[in-house]
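Here's a quick briefing on one helix and a handful of charged pairs. Have a look at the model, then read on.

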Amino acid sequence: TPADASITERVATILMNRRRWAEAASWYQRAARADPGRGDLWNSLAYAQAYNGDLAAARESLARYRAADPDSPNPLDSLGEVNFYLRRLAAAERYFLETYDKDPSFQGSVCLVKAARCRLMRGDPGGADKLFQQYARLRRQLHDAWIGYRTAQWDFSFGRRRQAIEELGQLAGRADVPREVSVAAHAQVAVWALLTGDLGRARRHAALARRAADSRVPPPMVALCEFLTQAPASAAEWKRRAEEAV
């Protein structure tokens, strides 16, 4: 019954959060069988099965999800994600593109970015960049305030690190950018600057992130940047700092 499904779902979620994949799958299966019309239960079951390494079972569960909700693009997206998790990159890319074909606006067209990552990992950077740029054009047409941030992230992962840092630093300082974008951009530049060995720039952007946050209690990403950009020290000193920060 639906009531039984609700109870077993809660148990399954707890097990999932504890990364006890096989047990979580068993409980999600009980929940899905108790209320087979709920596609989200089959979806959760598929993820538990995939994390447990059972792609065949995950596919079967997602087939049940598609049967329960045939108009939703989410089962296709989930097929992409479970295949990606198990490093079936060609299949994952195909399902992400099928998701886009079914509903180009689904989750802000991010399935194109997922497909681009698959293609990049398969050794086709030109094809990957083409997919990402298709996504970027769509988001710019919709005046997405975050597209500059996401484009810089793509450029950094694509190997255009210096360009990404510069463009995101400029974005963060623009007056027309929403505060949450500015905070995230400054924090991201701080992390990238650390990765590239530029501690001075990292510190500047960590400070700018806190200022942009305009809060006595900064968001976690800002606090993390401030922590990471402290002066170099021994392992023992970093341990002490971490204990004080908790």
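A residue counts as buried under 20% relative accessible area and exposed over 50%, with partly exposed in between. Keep in mind that this is a predicted model. Arg38 has 22% relative accessibility, so Arg38 falls in the partly exposed class.

**Helix α9**
- Twelve residues, 147–158, make up α9, which reaches 16 Å from its first C-alpha to its last, close to the 16 Å expected at 1.5 Å a residue.
- Its buried residues are Ile147, Tyr149, Thr151, Ala152, Trp154, Asp155 and Phe156.
- Those buried residues pack against α7 (111–121), α8 (125–141), α10 (161–172) and α11 (179–195).

**Salt bridges**
- The count comes to 17 salt bridges.
- Arg38 pairs with Asp40 at 2.6 Å, N to O, and Asp40 is partly exposed too, at 36% relative accessibility.
- Lys114 and Asp77 also meet in a salt bridge, at 3.0 Å, N to O. This pair links distant parts of the chain, with Lys114 in helix α7 and Asp77 in helix α5 (residues 74–85), 37 residues apart.
- Both partners are buried: Lys114 has 13% relative accessibility, and Asp77 has a relative accessible area of 3%.
- Arg201 forms a salt bridge with Glu166, with the closest N and O atoms 3.0 Å apart. Arg201 sits in helix α12 (residues 199–213) and Glu166 in helix α10, so the pair ties together parts 35 residues apart in sequence.
- Arg201 is partly exposed at 21% relative accessibility, and Glu166 is partly exposed at 36%.

Notes: Residues are numbered from 1 along each chain as its sequence is written. This is a predicted model: local features need pLDDT of at least 70, side-chain atom pairs count only at pLDDT 80 or more; totals for chains, interfaces and linings use all residues. Side-chain values use heavy atoms; hydrogens and water are left out. Helices (H or I, at least four residues) and strands (E, at least two) are DSSP runs, numbered from the N terminus. The expected span of a helix is 1.5 Å times one less than its number of residues. Buried means under 20% relative accessible area, exposed over 50%, partly exposed in between (1.4 Å probe, protein chains only). Contact means heavy atoms within 4.5 Å. A salt bridge is a side-chain nitrogen of Lys or Arg within 4 Å of a carboxyl oxygen of Asp or Glu.
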